[in-house]
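Hi,

Here is the structure I promised to pass on.

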Amino acid sequence: MTPTPSADMSDVIAEVRGKLGMITLNRPKALNALSLGMVRDLLGTLLAWQKDDSILGVAIRGSNKEGVFGAFCAGGDIRFLHSAGSSGNPQLEDFFTEEYALNHLIHSFGKPYIAFMDGIVMGGGMGISQGGSLRIVTERTKMAMPETAIGLFPDVGGGYFLSRCPGAVGEWLALTGDTIGAGDALAFGLADGCIPAEQQAELWETLATTDFANVEALNAVVRSRFVSAEPKVVAHRAEIDTCFSQPTVAAIVKALQAGSDWAQAEAATLRKRSPLMLHVVLEQIRRARQMTLAEDLRMERDMVRHCFYLRPGRSETVEGIRALAVDKDHSPRWNPASIEEVSDAEWQAFFDSPWPAHSHPLAALQG
């Protein structure tokens, strides 16, 4: 049987059961936020399993304080990012390079990768699930890429998978950081199926104990559990596409302010985000539409380097995390302070690579 995660066990529990490699994220007090150690454990485990012909596929889930499921992954460990970014800890560079390599590996894994996206699935949690072959959501799923709230951008391949959502949904999710549920995740191509949360444990055990003849049999068992889930944002899709397809951040906000009550509330949300990073994010999503995953991840690696080092002492990311998670005053001092004050040169600098192509930390990524 699968061991029940406990505080004295590893943050990543990896075991082979039957024909599947099975992973439980076991850092429940931090909502399974990814540390550098967890990234390294996941990367090492998946590389070994990828080459093991006896392993048909992989399943991954999160845990909560009472046991398994209930929370998948809330993202990267932002307290570490704040500390490392403030002190010049070189492990900050390692974290992003290795996390993005992990994201790429999952997309190109070549075997079934079944992600149980129950509860909170945000930021880095999206990075370790969106490349999966079967992305399962439940009625408890709360999915978002909320990075603009901390002066960052939707990384971990966010440019790639958000830009491939229908219409201007990618711009909307990336700029606002709004949370969606199971039905919208399915409608926007960010999930493959929904199962009732109470049925996850039974499906997990079935995956662990069934002697699957092949990949098709494995996939069929998972898909047979899928149920319908109603999207909630359908009523706003036309407005999303109209407003968030505008050419600039200022034009998007202006269009929203002239719209429905919902649209005006979205405009108010954008006014709370980092003005500089809103400009960066809009450009990121639109560039990524024409990129491969590897190209997008290299671009995001350039961008995240600049988030911490482009403006010494004036990092929007360090300030955003300070306000949200360290001092918790929820009053970030953004610089520039308003959308209208951001110059083109300020946001364009985020897209200049600090490295020549042959020396890029992710130069080896293919496709």
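Below are my notes on what turned up.

Before you start: this is a predicted model, where local features need pLDDT of at least 70, side-chain atom pairs count only at pLDDT 80 or more, and totals for chains, interfaces and linings use all residues. Residues are numbered from 1 along each chain as its sequence is written, and side-chain values use heavy atoms, with hydrogens and water left out.

Let's begin with the salt bridges (a side-chain nitrogen of Lys or Arg within 4 Å of a carboxyl oxygen of Asp or Glu). The whole structure has 19 of them. One pairs Arg 305 with Glu 93, with 3.2 Å between the closest N and O atoms. That pair links distant parts of the chain, since Arg 305 sits in helix H14 (residues 293–309) and Glu 93 in helix H3, 212 residues apart. Helices here are DSSP runs of H or I with at least four residues, strands are runs of E with at least two, and both are numbered from the N terminus.

Another bridge joins Arg 135 and Asp 192, whose closest N and O atoms are 2.9 Å apart. Arg 135 is in strand S8 (residues 134–137) and Asp 192 in the loop between helix H7 (182–187) and strand S10 (193–194), so this pair ties together parts 57 residues apart in sequence. Arg 135 is buried, at 10% relative accessible area, while Asp 192 is partly exposed at 26%. (Buried means under 20% relative accessible area, exposed over 50%, and partly exposed in between, with a 1.4 Å probe and protein chains only.)

Now, which lysine is buried yet has no salt bridge? That's Lys 111, and the nearest side chain of opposite charge, Asp 53, is 5.3 Å away. (Lys and Arg count as positive, Asp and Glu as negative; His and the chain ends are not counted.) Lys 111 is in the loop between helix H3 (91–107) and strand S6 (113–117). Its side chain reaches the backbone oxygen of Ile 55 at 2.8 Å.

For helix packing, take a look at H6 (residues 169–176) and H10 (residues 237–244): their axes come within 8 Å and cross at roughly 80°. That makes H6 roughly perpendicular to H10, a label for angles of 65 to 115 degrees. Axes are lines fitted to C-alpha atoms, for helices over the stretch in contact, with angles running from 0 to 180 degrees between N-to-C directions.

Most residues other than glycine have a negative phi, and most peptide bonds are trans. Lys 328, though not a glycine, has a positive phi of about 60°, and His 330, not a glycine either, has one of about 55°. Lys 328 is exposed at 52% relative accessible area, and His 330 is exposed at 55%. The peptide bond from Asn 335 to Pro 336 is cis, with omega near 5°. Pro 336 is in the loop between helix H15 (316–326) and helix H16 (344–348).

Cheers

Terms used. A polar contact is a pair of N or O atoms within 3.5 Å; within protein, one must be able to donate a hydrogen and the other to accept it, and residues adjacent in sequence count only if both atoms are side-chain atoms. Angles under 35 degrees count as roughly parallel, over 145 as roughly antiparallel, 65 to 115 as roughly perpendicular and the rest as oblique.
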